[in-house]
Amino acid sequence: PTETVFQTATAELRDIHLEDGSIITVGARSRLETRFTDAFRIVSLSEGQAFFDIAPDTGRPFYVEVGTMMVRVVGTKFDIKNDDGTMRIAVADGIVSVMKADAPSAIEGALQDVDKSVLYAGDQLLVSSMKRAPEKSTVEPEKTSPWREGWLSYENASLSEIVSDLNRYRDASIVLADPALGDLRITAAFGVDQTDQFIAVLHSTHEISRREGPNGQVILIHDGA
């Protein structure tokens, strides 16, 4: 197999053109590995986020491995985020199957019997070890990956998820003084270069202030603490 590792730095986006004609846009602070054989096209997203524009090839299916989950496609467009073991996938075009991780050869041998979630354009699935079952929702297909245009958008997202994303665009990390703050649900949209403005808005909307930590670190603390 042909194996290649790709890794991006803080605030870096990178387009990867694969040998089969597929294109992967890799988000900031992300890491993935491609493994191509005569039978399969396999990518492992170990951290971060990526948008996949997969060239159709019915004779060689494309698999994305994310933690304990495996995503199977033949040719489609979709976005995947791996955030500390939590996977979020949003489909922009085509059909995607999501299942427990296994060797692609084993999956192909029993594809009809494999327990899987089938997603279509506009479907979004959240899989987390913290939740008993995957959560399925909808998203406008053209808005599956606003980060590719320098935009971060959230609807009823946890503050911990947002902070994790922000830290991929900042040299000085953001830390929550109280882990319970991470459970706050927030709807917001802002540019990747407006992280400080977002933090300022938190003060007026959720009474969260910032404190300066070592090496420019930003510590978020509830005003009542």
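This is a predicted model: local features need pLDDT of at least 70, side-chain atom pairs count only at pLDDT 80 or more; totals for chains, interfaces and linings use all residues.

I started with helix 3 (residues 195-206), which lies across strand 15, strand 17 and strand 18. Helix 3 runs at about 135° to strand 17. Contact here means heavy atoms within 4.5 Å; axes are lines fitted to C-alpha atoms, for helices over the stretch in contact, with angles from 0 to 180 degrees between N-to-C directions. Helices (H or I, at least four residues) and strands (E, at least two) are DSSP runs, numbered from the N terminus.

Numbering starts from 1 along each chain as its sequence is written, and side-chain values use heavy atoms, without hydrogens and water.

Next I checked helix 2 (residues 159-166), which also lies across strand 15, strand 17 and strand 18, at about 160° to strand 15.

Then the sheet: I find three strands in an open sheet, order 15-18-17, with mixed pairing (two strands pair if DSSP finds at least two bridges between them). Strand 15 (174-176) and strand 17 (208-212) are the edges, each pairing on one side only. The twist averages 30° from one strand to the next. Strands 17 and 18 (residues 218-222) run antiparallel, joined by five bridges. I looked up arginine 210 and got leucine 220 in strand 18 as its bridge partner.

Last stop was asparagine 82, in strand 8 (residues 77-83). Leaving out residues up to four places away in sequence, asparagine 82 touches Leu45, Ser46, Glu47, Gly48 and Val66.
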